[in-house]
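The model is predicted.

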Amino acid sequence: MSTIPRVSSGVAGEPAHFGSVLAHQPEIAESFFALYGRFWGSDVLSARIKEVARMRNARVTECGFCRNVRFDKALGQGLGEEVVDDITDGYETSARLTDAEKAALKFTDALIHDPDLLTGDARAALQRHLTPAQIAELGLGVTLFLALAKALITMGLEPEAMDRTVLPTPAVLEAAA
Amino acid sequence: MSAVCAALAGDPVLAAHYADFRGKTEAALAPALVALVALVRQAVAAVHGMGAAPEESALDEGTKLCLAYARRMPFEHTAITDAEAAAVVAHLGEAGFVAFSVLAALADAECRAALVGVAELAGVEANPTP
């Protein structure tokens, strides 16, 4: 895995990172940030469950950038580091993760790794803990987390080192008055 | 329609945002590379066992190397080398490489979403192909 950017920054004076590289394609960037803001702004599925799924994706896809970013909305919903530490193999036995979060993690693993993980009891548990609308939102989220992590990695945008960084949760941008 | 779009039928605004993002990614490679968009989706789907691989005998070398790169996305994304990426950049340009990277990664994720049955789980009767 390369930590040397394979594409230059599209913003003068800024190093290559996901945002500055996406500036080469401003229409894609604008559409993505509108989508991501809408996704995180929706409360159909809690930000905490979305962040649990995002953390799992970060670990499985080996996205160091994703792994070190935290969104503040999920922190406000009690997703502390002691909980994040449990989002690893064996999460099924965690006493800190809720049953709904474990069901969401199984769905995440099935989508990003092996669809056969979501059969029988796991599928029933997902449908017991989440509504169809919540599963739809979770499906969108994991699709985006996975795709963007892989795009980031393959464009060589993995940081060599990065501290844990809390960022404002993406939000819908208000049109200028 | 992709499985993800179908799954979002209950939230038309979010569905429209997703369709717009998908469409903008596609449009960034069209019209000059409009054929590449479909070929990339087909090549990635074939890796997942979702249909036949594209027929490549009549394709130019640049398109072939893009497809070879896209086929690495599902299971070998961390093993793609700087040289492989540089070859795609040389063919598509930097802006094209950015759009292509998002397109190929999204194609992979959409296949996986279809395989896990996201639309059916979201209450949509049929789970469409990616």
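Angles over 145 degrees count as roughly antiparallel.

Which residues of α2(A) meet α2(B)? From chain A come A:Glu27, A:Ile28, A:Ser31, A:Phe32, A:Ala34, A:Leu35, A:Arg38 and A:Phe39. Across from them, α2(B) brings B:Val13, B:Leu14, B:His17, B:Tyr18, B:Asp20, B:Phe21, B:Lys24 and B:Thr25. By class, this contact has nine nonpolar, three polar and four charged residues.

## Helix α7 of chain A on helix α5 of chain B

A second pairing between the chains joins helix α7 (residues 99-112) of chain A and helix α5 (residues 82-116) of chain B. Their axes come within 8 Å and cross at roughly 120 degrees. That angle makes α7(A) oblique to α5(B). The crossing of α7(A) and α5(B) is right-handed.

On the α7(A) side the contact is made by A:Phe107, A:Ala110, A:Leu111 and A:Ile112. They meet B:Ala109, B:Arg112, B:Ala113 and B:Val116 in α5(B). How do these residues divide by class? Seven are nonpolar, none is polar and one is charged.

## Packing inside chain B

Helix α5(B) also packs against α4(B). The axes of α4(B) and α5(B) come within 9 Å and cross at roughly 40 degrees. The two helices are therefore oblique to each other. α4(B) passes α5(B) in a right-handed crossing. The contact of α4(B) with α5(B) has 15 nonpolar, four polar and four charged residues.

## The largest pocket

How much space lies in the largest pocket? About 430 Å³. Its lining has 20 residues. Nearest the centre of the largest pocket lie A:Phe18, A:Tyr36, A:Phe65, A:Phe71 and A:Leu167.

Several elements of chain A give two or more residues to this lining: α1 (18-22), α2 (26-41), α3 (47-61), α4 (64-68), β1 (69-71) and α9 (132-154). α9(A) gives the most, with five residues. The lining of the largest pocket divides into 16 nonpolar, three polar and one charged.

## The second largest pocket

About 190 Å³ of space lies in the second largest pocket. It is lined by 13 residues. Which of them lie nearest its centre? They are A:Val60, A:Ile112, A:Lys150, B:Pro74 and B:His77. A:Ile112 is also one of the α7(A) residues that meet α5(B).

Three helices each supply at least two residues to the lining of the second largest pocket: α3 and α9 of chain A, together with α4 (61-76) of chain B. The largest share, three residues, comes from α4(B). By class, the lining of the second largest pocket has five nonpolar, four polar and four charged residues.

Methods
Residues numbered from 1 in each chain as written. Chains lettered and ligands numbered in written order. Predicted model: local features only at pLDDT ≥ 70, side-chain atom pairs only at ≥ 80, totals over all residues. Heavy atoms only, no water. Axes fitted to C-alpha atoms, helices over the stretch in contact; angles between N-to-C directions. Helix = DSSP H or I, 4+ residues; strand = E, 2+ residues; numbered from the N terminus. Parallel < 35°, antiparallel > 145°, perpendicular 65-115°, else oblique. Left-handed = near helix turned anticlockwise from the far one by under 90°. Contact = heavy atoms within 4.5 Å. Nonpolar A, V, L, I, M, F, W, Y, C, P; charged D, E, K, R; others polar. 1 Å grid on protein atoms, 1.4 Å probe; cavity = no way out; pocket = protein on both sides within 12 Å on 5 of 7 lines; lining within 4 Å. Points joined across faces, edges and corners; volume = space filled by probe spheres on them.
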